[in-house]
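The sequence and the model are shown here for reference.

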Amino acid sequence: MSRRHEMIKMLIDSDYDSIQNDGAHADFLYDMLYDGFKGYNNMTDEELVQEMNERDLWNEWFKEPV
């Protein structure tokens, strides 16, 4: 799996978990439904890295598999 594909999967998993479980991204869901969403696959690598940084997902990226 490519680095890009792994980032996209982590971002989607993060969105799904947040929306389904804790509602922390309720504003994100509202904005997406209101204005639309570019889609992770349409983002540049730099935009994906920025999203990963904003969500602090690099800790998950480097976590040892259980």
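## An uncovered helix

In this predicted model, helix α2, which spans residues 26-35, is hardly covered, for among its 10 residues the count of buried ones is zero. Directly after α2 comes glycine 36, with a positive phi near 95°.

## Overall make-up

The protein chain contains four helices and zero strands, and its elements, read from the N terminus on, follow the order α-α-α-α.

Among the contacts in the protein chain that have a separation of 6 or more, 67% join residues 24 or more positions apart.

## The nonpolar core

The largest nonpolar core has 10 residues, namely Met7, Ile8, Met10, Leu11, Tyr40, Met43, Leu48, Met52, Leu57 and Trp58. Two helices, α1 (3-22) and α3 (45-54), each supply at least two residues of this core, and α1 gives the most to it, with four residues.

Leucine 48, a member of this core, has its place in helix α3. Because its relative accessible area is 0%, and buried means under 20%, leucine 48 counts as buried. When neighbours within four places in sequence are left aside, leucine 48 is in contact with Arg4, Met7, Ile8, Leu11, Tyr40 and Met43.

Leucine 11, another residue of the core, touches Tyr40, Leu48, Glu51, Met52, Arg55 and Leu57, again without counting residues up to four places away in sequence. Although leucine 48 and leucine 11 lie 37 residues apart along the chain, their C-alpha atoms are separated by 8.4 Å.

## Aspartate 56 and its backbone

Which residue is found in the loop between α3 and α4 (58-61)? Aspartate 56 is one that this loop holds, and its phi is near 60°, a positive value in a residue other than glycine. Most residues other than glycine have a negative phi.

Is aspartate 56 buried or exposed? Since exposed means over 50% relative accessible area and aspartate 56 has a relative accessibility of 52%, this residue counts as exposed. By contrast, leucine 48 is buried at 0%.

Key
Residues numbered from 1 in each chain as written. Predicted model: local features only at pLDDT ≥ 70, side-chain atom pairs only at ≥ 80, totals over all residues. Heavy atoms only, no water. Core = buried A, V, L, I, M, F, W, Y, C linked by side-chain atoms within 4.5 Å. Buried < 20%, exposed > 50% of the residue type's maximum accessible area, 1.4 Å probe, protein only. Contact = heavy atoms within 4.5 Å.
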